[in-house]
Amino acid sequence: MALVLDTTYNNVFYKNVLGKLRDLINADRDYGSIYIAPAYEDKGSYSVRVWGSGAETDSIKMPTQWTKSYSVEVAMYSIEQSPDESYWEQFLADGERLYQIMVNNTSVSGSLGWFDGVVQDMLIGDMEEDEEAVEGLHTIKYNFVCRISRTD
């Protein structure tokens, strides 16, 4: 039997985790560009990147009944060549607000909505090699984990 999207399988990671998290962040306020990608992309002076870093199966009862944990990296980027104290105050306030969005949404209702959502880490200034090459780039990264159950 051939697999048919939304009939015998769902694109859960992209649609129900990454897409919903992007929509929640976007609904809060203007964070600039909010995009789904594995690495930093130049989207202007302020952006948020969302990417799935992995998934783990918690249980399988039959092919259409399972629970999985999804791990997501959320990275907030800001570019400022000459940061001063007021910049850092705003940068950290934006970071706390983004953190609170995830904390306030430990569960998301709807078809294949998540539950047990938690921010495990918040790392300031933790950059990859390609990010370090961008002059004036500052970042706060979060590791968000949530669970989804499918029961058909």
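Leaving aside neighbours within four places in sequence, Leu21 is in contact (heavy atoms within 4.5 Å) with Val50, Val72, Val74, Met102, Trp114 and Phe144. The model is a predicted one, in which local features need pLDDT of at least 70 and side-chain atom pairs count only at pLDDT 80 or more, whereas totals for chains, interfaces and linings use all residues. Residues are numbered from 1 along each chain as its sequence is written, and side-chain values use heavy atoms, with hydrogens and water left out.

Leu21 is also, together with Ile25, Val74 and Leu98, among the residues with the most contacts inside the largest nonpolar core, which has 29 residues; such a core is a set of buried Ala, Val, Leu, Ile, Met, Phe, Trp, Tyr and Cys residues joined through side-chain atoms within 4.5 Å. At least two residues of this core are supplied by each of helix H1 (12-28), strands S1 (33-36), S2 (46-62) and S3 (65-79), helix H2, and strand S5 (137-151), where helices (H or I, at least four residues) and strands (E, at least two) are DSSP runs numbered from the N terminus. A second, separate core of six residues includes Ala37, Tyr40, Tyr77 and Leu137.

Most residues other than glycine have a negative phi. Leu112 is buried, with a relative accessible area of 12%, while Asp116 is partly exposed at 43%; buried means under 20% relative accessible area, exposed over 50%, and partly exposed in between (1.4 Å probe, protein chains only).
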